[in-house]
Number of protein chains: 2
Amino acid sequence: MSQPDMKVADMQERVDAITHAIKPRRLWNSIMEMAKYGATANGGVSRLALTETDNNVRITLMEWFNLPHYHFFVDAIGNLFIRRDGASPSSDPVMTGSHLDTQPSGGKFDGIYGVLAGLEVFRTLDDLELFTSRPLELTVWANEEGCRFVPGCMGSACFAQPEDLPHWQVITDSENISVKQAVACFHRTMSEVPHRPLGIPVHAYIEAHIEQGPILENSSATIGIVSGIQGCRDFQITITGMEAHAGTTPASSRHDAMKTAVLLLQDLYSVMDSAGEECRFTVGAFQVYPNSSSVVPGHVVFNIDLRHPSQSSLTTLGNKVIELSDKHSDRCAIHAKELRWRKPFEFKKTIPDLIQNAADRLKHPSKVLPSGASHDAVNLHLCCPTGMIFVPCEGGISHNEKENAALGDLHAGTQVLAEVLYRLAENIS
Amino acid sequence: MSQPDMKVADMQERVDAITHAIKPRRLWNSIMEMAKYGATANGGVSRLALTETDNNVRITLMEWFNLPHYHFFVDAIGNLFIRRDGASPSSDPVMTGSHLDTQPSGGKFDGIYGVLAGLEVFRTLDDLELFTSRPLELTVWANEEGCRFVPGCMGSACFAQPEDLPHWQVITDSENISVKQAVACFHRTMSEVPHRPLGIPVHAYIEAHIEQGPILENSSATIGIVSGIQGCRDFQITITGMEAHAGTTPASSRHDAMKTAVLLLQDLYSVMDSAGEECRFTVGAFQVYPNSSSVVPGHVVFNIDLRHPSQSSLTTLGNKVIELSDKHSDRCAIHAKELRWRKPFEFKKTIPDLIQNAADRLKHPSKVLPSGASHDAVNLHLCCPTGMIFVPCEGGISHNEKENAALGDLHAGTQVLAEVLYRLAENIS
């Protein structure tokens, strides 16, 4: 039914038909259905990447696409692709998606919304019996959260840079299971799904996501047009002292890794506090060894997550982590290993402009904003024109079981997504 | 063969025969044999209380006493008693012993030495075919270390105060296994061993132990005569903030439990540092939740182990923990729960004097010192005249896989133990 020579007025009518046919209640129900996989007692979701729960939720998603014009693929890093036939099957697909893995005590919307907004668009096109010129693809990226396997956005990073596959495969979780083993397990659960090479050509990528911050809510905007993503530097700090008996070892003889960690962190929090509101400094993962109350700790290992929208501030503040680690290396050895340094960047204007136009046409109040969180779109940006649609989340709360979003906002975001996907897949703007 | 009317000169000859017949190589071999149970790659031992490994090492110990004049008993908290017949079977036994459980990365000597020094004394009496008037008992106390189940010295505490049994039984480990369940499992592994009530009358208790500190080594003494044990206050600190996204949540909106923990601990380390060398302040166990690098921690739980030989200092410093916890309860709630408050105490002179006399007679250089560590003797002190014999450990290092002791010192300590046990069991001094 693709009509590349269709008149602009006809196209507008088609877009109206699609955006009006989006069914908010069906979207909501699909989100609630997915939230059952790894549901926690407090109403959140715990669905770590490439676990049995994560694999099962993907199987359920595939079952929802049980129609002959849908085709499934997996790749070597554990991404899942759901391809909807287009009239020009050899043209590069327009892709949307996000992730289905969550934090250990995460919510129902982070990542999931982007996948299920895509599902809702595909279902609406099915309802209207509309096919686009270009194929559409809905992608579930592997390990976006980076909890079980550090760092995150693994699936999309490996899709964008397939040569890094061996680097990712050897990363292990806390039980010493490697990414390679976990992906092999995922492949076994869907053994009938064909494999596809990493990094196929993509025409454009659009990802819908909850904002995970308070900006849209505070400015009463429904649609966030993401201008870019702040930079980040991730460090792993290892402190090595010496285990000793808590009752017998005088302070002067101790090499207490915990005390050194506290003194270093106290200095770091102080530096980061004076760097202003744009700086994001978090110590979220922290392990003490042997972790016994009557033993002076011999080892401490923790991670630092530092983010800033300005490249020069990120450089200065990240260097402070290294400087202060050196400064505190007296009674214990401190090793600061930099795990990742991603510069801040802005999306090219193509997709953000399309998102802006759709929001305006649909009369959804919008706001241009940078993303505080990292997303798979960061990596897709290396492959093709890319953009993100944000919708508000309640109180800006995310990575939390209380994460919530309003159905009206989720609906609006899906309408914008539908229009942008359709225009791109029909090669019109 | 007990001879209560034996002359003093004959008794001295008997004591000489016993102390000369102690076999240091046999003692050493028994320590090395026990160290195989839970041996770590770095030469240490990991044998947590009431685990399969801990149960197995007790079975091996019992097998070493396979003679008709030995009798085994267990009690409701998981202690194991090995009773050697005496000529007056109804008189209260003289007891020695210690523990066989270790820290997660512990050594070969802490606790184990006290049990195996007792074994060596019993074996020597068997070699000489000597029986004492009073029965002798070798005790393996349950869960001295307090790693798997907090706090430690559980078996001896419950022996001394049987009415506390229900309190101990409900304590759980990190996998939610209760003490009651773990003890039931221990009982099943030795189902043929008869049960005995908690807290039978004891004539005297002597415990041999490595010092776990540097005092004996630094003063070239072989025998430490323990005068008493410093006091301790244990706290569990729970900090409750709010989980949030590390990339999107500005510092001003955070309720970061990790940051609050660092600020509180920095203050506490500073107070404790200025309290002088006698103060022991340790944060050895520390947990962050959800422990993910990109999530601002919503909860932190840690333990404080505070010890001091002076009751007034212990009171003041422990109260500082509570005061500073209150002071830092602004962005996050801090709850300081006191787990234990044990006052410093001195042993009555009876047993320390016997130890001093034996060390002098055997010409082992000795030193009177307080114990920095807590021991099961703390609890036995509530039941009967009690004392402890310390021997040096290399570099004062303990609760560490590197823990080591010299065979000559271990031998000397066992000779002193043999003499004191024999004199007490023969009712002579």
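Me: What makes up chain A in terms of helices and strands?
Reply: Chain A has 13 helices and 16 strands. The model is a predicted one.

Me: How is chain A divided into domains?
Reply: Domain 1 takes 8-230 + 345-425, and domain 2 takes 231-342. In chain A, five residues from domain 1 and nine residues from domain 2 make the contact. On the side of domain 1 that touches domain 2, two residues are nonpolar, three are polar and none is charged. The C-alpha centres of these two domains of chain A lie 34 Å apart.

Me: Where is Gly284(A) found?
Reply: Gly284(A) sits in the loop between strand E9 (280-282) and strand E10 (286-289) of chain A.

Me: Why is Gly284(A) called buried?
Reply: The cut-off is 20 or more other C-beta atoms within 10 Å. Gly284(A) has 27 such neighbours, so it counts as buried.

Me: Which residues is Gly284(A) in contact with, leaving aside its neighbours within four places in sequence?
Reply: Chain A supplies Asn303(A) and Asp305(A). From chain B come Ala246(B), Ser292(B), Ser293(B), Ser294(B), Val295(B), Val296(B) and Pro297(B).

Me: How much of chain A is buried?
Reply: Buried residues make up 56% of its 429 residues.

How values were computed: Residues numbered from 1 in each chain as written. Chains lettered and ligands numbered in written order. Predicted model: local features only at pLDDT ≥ 70, side-chain atom pairs only at ≥ 80, totals over all residues. Domains from an automatic or database assignment. Contact = placed C-beta atoms within 7 Å. Nonpolar A, V, L, I, M, F, W, Y, C, P; charged D, E, K, R; others polar. Helix = DSSP H or I, 4+ residues; strand = E, 2+ residues; numbered from the N terminus. Buried ≥ 20, exposed ≤ 12 C-beta atoms within 10 Å, placed from the backbone.
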